[in-house]
Amino acid sequence: MTEQVTRATFDEVMFPNYAPAAIIPVRGEGSRLWDQEGKEYIDFAGGIAVTALGHSHPVLVDTMREQAGKLWHLSNVMTNEPALRLAQKLTQKTFADRVFFANSGAEANEAAFKLARRYAFDHFGPEKNEIISFYQSFHGRTLFTVSVGGQAKYKEGFEPTPGGIKHCAYNDIEALKALISDKTCAVVMEPIQGEGGIIPADKVFAKAVRELCDEHKALLVFDEVQSGVGRTGTLYAYEQTGVTPDILTTAKALGNGFPVGAMIATEEVAKSLAFGTHGSTYGGNPMAAAIAEAVIDIVDTPEVLEGVNKRHQLFVDALTAINEKYDVFKDIRGMGLLVGAEVKDELAGHAKDFLANAAQEGLLVLVAGPNVIRFTPSLIVPEADIKEGFERFERAVAKTAADLKK
Ligand SMILES: *Cc1c(COP(=O)(O)O)cnc(C)c1O
C-alpha cells in the first residue's frame with residue numbers, strides 16, 4: 001500500500017534545508033504543469049533554468065525509453081557509445097578538445113577547480129594555487145564550490161573551508177588587476193551571473209579578464225552551468241563575450257532534468273587531469289549521455305537559437321509594458337531567456353512576493369536574490385504560453401503593487 005503524500009509530509013520526513021512551495025506538481029507537458037489538485041501552471045522557471053526543452057519533450061522521452069531498454073550503467077572501467085558521441089559533439093561545437101562528465105554543476109566545477117590547481121602544479125609548482133572569483137557568483141554547494149562562490153552566507157558554519165581563494169568585484173577591471181598575480185592559477189567567472197541577480201559581464205571586462213589571465217599564466221574558467229545549452233541564444237554564452245575560456249563547465253539544461261554535468265577544456269589543459277587524478281562513478285553514464293546528446297541535437301539548431309532571441313524580445317516587451325502601468329521595476333535585463341526584472345528601491349527585498357502572487361495566478365517564476373524576479377522558461381515556450389503567462393503575471397504584479405504600495 002502506498003501512503004498518500006502531501007506538502008505536510010515534507011515537514012515530517014525531509015531535511016529542512018529547502019522550503020518548497022505549497023503545491024506539488026505531478027505532471028508536465030511543454031511549458032505547462034499540473035499539481036495534485038489538477039490546477040494548471042505556466043512554467044517560466046523551467047526548474048531553475050533546467051528544462052530548456054520543456055516537460056515531457058517527446059524526443060527526449062523516446063530517447064530515454066530506448067536507452068533504458070539497452071544499457072543504464074557500466075562504470076568508468078569501460079566506456080560507452082552515448083558518452084563518446086556526446087563528447088564528440090561537445091568538442092565539435094565548442095573551443096574544447098576534451099570532456100569530463102559529472103552529474104551536476106557543482107561536480108563539474110569541482111573538477112574544473114581541481115584541474116586548474118593541478119595544471120598550475122604541473123607547470124609552475126605548488127605555489128601557484130590561488131583562485132580568483134567574483135562577489136555574488138554562484139558555483140554550487142560542495143565545500144570547494146561554496147568557497148569559490150562569492151556569497152559568504154553559503155559558507156557560514158561550514159568552516160574551515162578550502163584556502164587560496166580570493167573574491168573580486170564583478171565587472172571591475174581595476175579590482176581584478178589589484179588581486180591577480182603570478183600566484184593566481186585561475187580566474188573563475190559566470191559570463192552572466194545567474195543567482196547573483198542576472199548580471200551580464202561587460203565585453204570590455206571579459207576581454208580584460210582574458211588578457212590578465214594570459215599575462216599571469218592563469219587559466220580562465222567559465223561557469224556556464226546556467227548560461228549554457230542555448231539559454232542566452234548561442235549554444236554557450238562565451239560565443240557572445242568575444243572571449244574564449246580554457247575550461248568551461250555545463251550542467252542544468254544539458255540533461256533537461258536528467259542529472260548530468262560536464263567540464264570541457266583545451267587539449268593542453270586537459271592533459272593535467274592525468275590517469276587516476278579524478279573520477280566519478282556515475283559521470284558519463286549511458287542514460288545521462290544519451291539524453292544530453294538528444295538535448296544538444298535539438299538545441300543547437302538555428303530554429304531553436306533564433307527562437308531564443310525572438311522570445312527574449314517578447315519577454316522584455318511584456319515586462320516593459322507591465323512596468324509602464326505599475327512602475328515596479330528599475331531595470332529589466334538579461335541575455336536570451338535568462339531575464340531579470342529588478343524591483344525598485346522602495347520594493348527592495350520583495351521579489352519573492354511577486355513570485356508567490358504569480359504562483360497564485362498559475363504562473364511559475366523565480367527570484368535571483370532579494371530584488372530580482374528571474375525568468376528562465378523553456379527555450380521553445382510557445383508564444384501563446386508567453387502571452388497567457390504575462391496576463392497572469394500582470395495580475396500578480398497588480399496585486400503585489402497594491403499590497404506593497406499601501
Ligand atoms: C546551478 C548552478 C551551479 C550548481 O549546479 P548544481 O547542479 O546545483 O550543482 C553552479 N554554477 C552555476 C552558475 C549555477 O547556476
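Which residues do ring pairs link into a cluster? Step through it with the solution to Exercise 1.

A quick word on ground rules first. This is a predicted model, where local features need pLDDT of at least 70 and side-chain atom pairs count only at pLDDT 80 or more, while totals for chains, interfaces and linings use all residues. Residues are numbered from 1 along each chain as its sequence is written, and side-chain values use heavy atoms, with hydrogens and water left out.

**Exercise 1. Find the ring cluster and look into one of its pairs.**

Solution. Start with the rule: rings of Phe, Tyr and Trp (its six-membered ring) pair if their centres lie within 6.5 Å; planes under 30 degrees apart are stacked, over 60 edge-to-face, and the rest tilted. The cluster is made of Phe 44, Phe 315, Phe 375, Phe 390 and Phe 393.

Now check burial, where buried means under 20% relative accessible area, exposed over 50%, and partly exposed in between (1.4 Å probe, protein chains only). Phe 375 comes out buried at 0%, and Phe 393 is buried at 0% too. Next, the geometry: the ring centres of Phe 375 and Phe 393 are 5.3 Å apart with planes at 85°, so this pair is edge-to-face. Phe 375 sits in strand β17 (residues 372-375) and Phe 393 in helix α14 (residues 383-404), 18 residues apart. Those labels are DSSP runs numbered from the N terminus: helices are H or I with at least four residues, strands are E with at least two.

**Exercise 2. Count the aromatic pairs in the whole structure, then work out how Phe 134 and Tyr 170 meet.**

Solution. The whole-structure search gives 15 aromatic pairs. For Phe 134 and Tyr 170, the centres are 5.7 Å apart and the planes stand at 75°, so call it edge-to-face. Phe 134 belongs to strand β5 (residues 130-134), and Tyr 170 to the loop between β6 (165-168) and α7 (173-179), so the pair ties together parts 36 residues apart in sequence. Phe 134 is buried at 1% relative accessibility, and Tyr 170 is buried at 14%.

**Exercise 3. Spot two charges that sit over rings.**

Solution. The test is NZ of Lys or CZ of Arg within 6 Å of the ring centre and within 35 degrees of the ring normal. Arg 27 passes over the face of Trp 34, at 4.3 Å from the ring centre.

**Exercise 4. Is strand β12 enclosed or open, and which strands pair with it?**

Solution. First, burial: five of the five residues of β12 (residues 261-265) are buried, so the strand is largely enclosed by the rest of the structure. Then look at the two faces. In a regular strand the side chains alternate between the two faces of the sheet. Here, Gly 261, Met 263 and Ala 265 are buried on one side, and Ala 262 and Ile 264 on the other.

Now the partners (two strands pair if DSSP finds at least two bridges between them). Strand β4 (residues 98-102) runs antiparallel to β12 over five bridges, with Phe 101 bridged to Ala 262. Strand β11 (residues 247-250) is also antiparallel to β12, over four bridges, and Thr 249 is opposite Met 263.

**Exercise 5. Describe the surroundings of Lys 252.**

Solution. Begin with the record: an unreviewed UniProt entry annotates Lys 252 as "modified residue: N6-(pyridoxal phosphate)lysine". UniProt positions are in the numbering used here, feature names are shortened, and annotations may be inferred rather than shown by experiment. Lys 252 lies in the loop between β11 and β12 and is partly exposed at 21% relative accessibility. Contact means heavy atoms within 4.5 Å. Beyond its neighbours within four places in sequence, Lys 252 has contacts including Ile 48, Glu 195, Gln 226 and Val 260.

**Exercise 6. What is the strand order in the open sheet of four strands, and which strands stand at its edges?**

Solution. The order is β1-β2-β3-β15, with mixed pairing. β1 (25-29) and β15 are the edge strands, each with a single partner, so one side of each has no neighbour in the sheet. β1 and β2 (residues 32-35) run antiparallel, joined by four bridges, and Pro 25 is opposite Asp 35.
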